[in-house]
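The sequence and structure come first.

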Amino acid sequence: DFDRMTERLQALMAGQKRLLHDVSHEMRSPLARLQAAIGLARQQPTRLADSLDRIEREGERMNGLIGELLTLSRLEAGVSDPFEKVDLGELLTGIADDARFEGLARQVAIDCVLAPALFVHANPELLHRAIENVVRNGLRFAPPGTSLRIEADREGSGSIRVAISDHGEGVPAGELEAIFTPFHRGRNLATGDGYGLGLAIARQVISTVNGKIAAKMKPD
């Protein structure tokens, strides 16, 4: 028991050190661009408007990153808003409608197939955010002219299964678990406007309702 406790403490400490390193790395780039924009404003007053726009964007990015980190920290600490009965079909329909609007620009269609009377006891805002994070991640990498599918049904055990699938390039088998860790930058995930926290937050949210989240490659 002591050995297992020691191993767990070592893993937690290593995780905290890694997270601190990753946060420092993520904050360094927007701070560097802020400093560059301030320097440009001083050297070229005629371009003050452009510099202020850049400063505003970088400030918003840091604010967004800090907000995501606070959400992840609260979830990992077991702090969550009160649960209530959530109509999962209604929640998924709303997410699908938003995804269709976003998918128009990317030429990605959204298919939504839901079983009736699906209810879960959860925090609706966090659950919406968790599932939307996965859907928007799929949209980001779905090739134009393809579709993203959202399915939900009840399994024999009484639990609810939600599946989100797309036709993107996919993730190497060795990274399928790692994509749910904060700031993971895999071969196919190194681009985009996200912070690398969306899937980590999704995993924490799903765990609060005693659920599990996983990724896999579909057979060709």
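## Helix 3 and helix 4

In helix 3, L88, L91, L92, I95, D98, A99, E102, G103 and R106 meet P124, L127, H128, I131, E132, V135, R136, L139 and R140 of helix 4. Contact means heavy atoms within 4.5 Å. By class, this contact of helix 3 with helix 4 holds 10 nonpolar, two polar and six charged residues. Ala, Val, Leu, Ile, Met, Phe, Trp, Tyr, Cys and Pro count as nonpolar, Asp, Glu, Lys and Arg as charged, and the others, Gly among them, as polar.

The model is predicted: local features need pLDDT of at least 70 and side-chain atom pairs pLDDT 80 or more, while totals for chains, interfaces and linings use all residues. Residues are numbered from 1 along each chain as its sequence is written, and side-chain values use heavy atoms, with hydrogens and water left out.

Helix 3 passes helix 4 in a right-handed crossing (the near helix is turned clockwise from the far one by less than a right angle; anticlockwise is left-handed). Axes are lines fitted to C-alpha atoms, for helices over the stretch in contact, and angles run from 0 to 180 degrees between N-to-C directions. Helices (H or I, at least four residues) and strands (E, at least two) are DSSP runs, numbered from the N terminus.

## Helix 5 and its partners

Helix 4 also packs on helix 5, at about 140° with axes 9 Å apart. That angle makes helix 4 oblique to helix 5. Here L126, L127, R129, A130, N133, V134 and N137 of helix 4 meet G198, L199, I201, A202, V205 and I206 of helix 5.

Helix 2 (residues 48-76) crosses helix 5 at roughly 30°, the axes coming within 10 Å. The crossing of helix 2 and helix 5 is left-handed. E68, T71, L72, L75 and E76 in helix 2 meet A200, I201, Q204, V205 and T208 in helix 5.

## Pocket lining

Helix 4 gives the most to the lining of the largest pocket, with seven residues. Strand 3 (119-122), strand 4 (147-154), strand 5 (160-165) and helix 5 (198-208) are among the elements that each supply at least two. The lining divides into 25 nonpolar, 10 polar and nine charged residues.

Technical notes: Parallel < 35°, antiparallel > 145°, perpendicular 65-115°, else oblique.
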